[in-house]
Every structure is written in structure tokens, then in C-alpha cells.
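Please keep the sequence and the structure in view while reading the numbered points.

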Amino acid sequence: LCGKPRYMVAALASLACRAARRPLTSLACHSARRSVSTSAAPIYDVAVVGGGAAGLSICALLRKKAPDLRIGLIEPSGTHYYQPAWTLVGGRAFDAAQTRADMASLIPEQVEWIQKEALEFVPEKNELRLREEEGKSSALRYKRLVVAPGLELDWGAIEGLEPTLGRNGVTSNYDFSSCQYTAELVEQLSATAGGRRPRAIFTQPPMPIKCAGAPQKALYLSAHAWESAGAAVDLTFCSAGPALFGVKEFVPTLQGYMDRYGATECYGHTLVAVDGQARRAKFQTADGQLVEKEFEMLHVVPPMRAPRCVRESPLADATGFVAVEHDTLRHVDFENVFAAGDCVSAPNAKTMAAARKQAPVVVHNLLQDLAPAAARPTEAVYDGYGACPLTVEKGKVVLAEFGWGGQLMPSFPGWLIKNTAPSRLAWAFKRHALPWFYWHIMLPGRSWCDPMSWPSIREKGER
């Protein structure tokens, strides 16, 4: 998705009707890949930290555009997840098994997988420190570095949450093991008849978080299920923020759904503690008061932050995120360091759609650095694009697309999908086309058939 020419609209829309069902383990032929040893402190042309949407896309694009580069991917996890579908899993609209794949099956050929955790960045020496066994560490050196480890979900910041998550009515669509529990709780409350109305609370922490619309997506899908079942549930949306959504053009539609579902909205309410056994949640209000609320279902979104290796490094700004030029995604102090995805300091929405637009920008600018000196060197520009397909009911989505400062950036003409209104076609796009696109186009770096992700190019130094 982006604001490029529209000739891909028909093709993309058709994907929603014929999304492929191939097993994820067949996406590539590298399932036997082994991680490499770093005992000799090898020097990589490009080291990529993070095997998420941004990191894998960048590896794939680099391999296609510069196959002779020695690329190392630092990623400790053996599993990759398509997280945008977890909200749908919680709404019984997607199979959880289809949201994960073996990491080895997604790493491009000739990209060396270092299956270790990044501990420390030492950019002055073009070096990374990696975690080894028995508390030891090893060094990895690079010529160019791409930082894309995503965000860290700080479950421990909410007192009592971790021991009760996934039981006692406490769930989260931000956790693979809990999003199916969300669906179970919705069904349990749907079956409640007579007596006191069950209470369901949906929380949203302070920004930034990944996919800022997801907390209320969980509410909408749950509420629609209860509405369809004729179940009366007391709904409460507790947000640390001051408003329903950060882009004002989408608020009237979303407010209409909050009103339709009878949700009570509590802004300036930050979840600080959970007592699962007692079914009580404690919130701190904007003026510092503590408020307790009882629940039968509590959907929690934890606060998020950059990983420790980033926020405690010379690469971080005062907020703990990687300090980059917002347009080129190059580090402000270390010119051979780039960043992409949720860890960057740029004020864009932290979504998969943003990572998709950022990856080609990083690759172009990095390869320009490695190319022979040109008379008119160029650089790619990130336009701040992000997208948040808001599932306001099962079968309808508001396809919110926007850039810097909340500027609307619709990919489709209004007669096909009006991006401020709920649409069945947008639901099909979210439910069927986007997962297929993610696994088969974005992660493999097939940018030739995704021209809407191509970045704007300008002469280097031009502003």
C-alpha cells in the first residue's frame, strides 16, 4: 500500500479472492540451513540485526540487487510470526498456525544466519557483541549495519500481569499463545445468560506501540461477536492516550462503532496492575489517581520500548529508539548505520506497512554508499507511510493509510475503497490478500511486482 500510481489496484484486489494456501514451510527451500559460528569475528559487508518483517525484507532485497555481498542476519529466534493476523485469530477469523513459519525457511540463500542475540552495539569500531553460552560474548564486525530488532513488549511493567496472562480472564492479542484464549473468552461471555452483565475491559498503553489500532480492533471484533450472539456485555475501552485515534479523519467512523457497541471510553487511563484471581485491574489516571475496575475479561496491550541492546547503545536517542534521519533512515551520527521497522526514531506509525516502505529505502541508500563514486549520487526517501486496517466488525475494515502528520495516503480510488469508511473489500484485502502478499512478495523481496513500494529518489543532499 502507498500513494503510488494505481495500476496495481486490480491485481491486488484480485488477490483477496484467490489467496494461496501453500504451507508456510514451503515458502523457501532453506529449511536445512544452519546458523554459522562467529568465533573468528568475521567481517560482513552488511550485518542485519533482526529477523522480523523489516530485517528479512532487507536481506532479500540486498541479495537480489547485490548478490556478491556477504550478508549476516543476527536473529536468535527459530520462528517468524505474521503478527498482523493475531487480531483476526482472536476474532476466530484466522488460523493461528498460518501466522508462523520456520525462520530458516524465510532466510534467502547465501545470507548467513547467526542465531544469537545482539548484546551490544559498538559503532565506533564497526562491531557487534553477541551473546554466547556461560555468560560470554563474541564479536562480529561489519562494513554496513542495519538495525531492525523491532520492539520489546514490557509485560513486566504491569504488576501481576505475567503470572496471570492466558488465564483468569486475562488475555492479549499481542501474544501468540494468548490470542486464541481471546477467542475462547469471547465465546464464554457470549454464552452468558441472565444475571449481572459480564464486564470486558480493553486497554491501550502509552505510545509508541506496534500497530496503534490493534487495541481497539480487539474490542470491535469481540463486541461484534457479542452483538451477533445477542449477548449483553459491559464494554470499557481504557486508553492512556487522550483520543480514540491519532488521525482525526478516521475518528467519526470509529466513534460510531464505539457508540454502536455501547462501549464506555476512559482516556488518560494507564493499566498499572492486574490481580487475575480477584479479577481486578488497577489504572492510573492522567491526574495521578488510582482507579480499580472489575472484569470477567481483560484484554491487555503492554507498554513497548526498544530492546535493551538499542536503548542503552550509542545508536539511541533520548527516547531509546535508533536516531535516524526520518527521510533516509540513515543514523544521524554513524553514516554506515541504517535502521528500519519499529525501532526507528521516526514519528511514523509502527506497522508492517511502514516496514514494507522503509526496506527499499534502506537498501537503495546502503547500496549507493557501496557503489563507485557517481557524478550525481542519489538517495531514496521514506515518506512516512503507514497503514492500519481497522477491523471494526467481522467482515468490514476501515483501511486507514496515512503519512507524516496524519496526511491521508490512500492506495485505492475512493470508488473502490473509501479509506475512511468500513468496507467488505478492505476486509477481504486484510484477511486474504495481505497475508499472501507478506509471505510471497514482501519477505522474498519481489519488489518488481510491488511497484507501489518503490521509494521516491532524489539527488543526494537535496532537501
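1. Helices (H or I, at least four residues) and strands (E, at least two) are DSSP runs, numbered from the N terminus. Lys125 is found in the loop between strand 6 (118–122) and strand 7 (127–131). The model is predicted: local features need pLDDT of at least 70, side-chain atom pairs count only at pLDDT 80 or more, and totals for chains, interfaces and linings use all residues. Residues are numbered from 1 along each chain as its sequence is written, and side-chain values use heavy atoms, with hydrogens and water left out.

2. Is Lys125 buried or exposed? Buried means under 20% relative accessible area, exposed over 50%, and partly exposed in between (1.4 Å probe, protein chains only). Lys125 has a relative accessible area of 53%, so the residue is exposed.

3. Thr171 belongs to strand 10. Because its relative accessible area is 0%, Thr171 is buried. Contact means heavy atoms within 4.5 Å. Leaving aside neighbours within four places in sequence, Thr171 is in contact with several residues, including Leu165, Tyr181, Leu185 and His299.

4. Two strands pair if DSSP finds at least two bridges between them. An open sheet of five strands has the order 10-17-11-12-13, and its pairing is parallel. Strand 10 (170–171) and strand 13 (264–267) are the edge strands, each pairing on one side only. Strand 11 (residues 199–204) and strand 17 (residues 297–299) run parallel and are joined by three bridges. Within strand 17, His299 is the bridge partner of Phe202.

5. A helix accompanies this sheet. Helix 6 (residues 214–229) lies across strand 11, strand 12 (234–239) and strand 17, and runs at about 160 degrees to strand 11. For such values, axes are lines fitted to C-alpha atoms, for helices over the stretch in contact, and angles run from 0 to 180 degrees between N-to-C directions.

6. Strands of a sheet pair through backbone hydrogen bonds, either parallel or antiparallel.

7. How many bridges pair strand 14 with strand 15? Strand 14 and strand 15 (residues 280–285) pair over six bridges in the antiparallel sense. In strand 15, Thr285 is the bridge partner of His269, and Arg280 is the bridge partner of Asp275. These two strands form a hairpin with four residues between them, and Arg279 in the turn has a positive phi of about 55 degrees.

8. Strand 15 and strand 16 also run antiparallel, joined by five bridges. Phe283 has Val291 in strand 16 as its bridge partner. The hairpin of strand 15 and strand 16 has four residues between the strands, and Gly288 takes a positive phi near 90 degrees there.

9. Aromatic rings deserve attention next. Rings of Phe, Tyr and Trp (its six-membered ring) pair if their centres lie within 6.5 Å; planes under 30 degrees apart count as stacked, over 60 as edge-to-face and the rest as tilted. A search of the whole structure finds 15 aromatic pairs. One of them, Tyr81 with Phe176, is tilted, at 5.1 Å centre to centre and 40 degrees between the planes. This pair links distant parts of the chain, 95 residues apart: Tyr81 is in strand 3 (residues 79–81) and Phe176 is in helix 5 (residues 176–190). Tyr81, at 26% relative accessibility, counts as partly exposed, whereas Phe176, at 15%, counts as buried. Ring pairs link Tyr81, Trp86 and Phe176 into a cluster.

10. The final point concerns the interior. A nonpolar core is a set of buried Ala, Val, Leu, Ile, Met, Phe, Trp, Tyr and Cys residues joined through side-chain atoms within 4.5 Å. The largest such core has 142 residues, and those with the most contacts inside it are Leu128, Leu145, Val147 and Trp226. Helix 10 (residues 424–442) gives the largest share of this core, eleven residues. Not counting residues up to four places away in sequence, Trp226 touches residues including Val186, Phe202, Leu235 and Met297.
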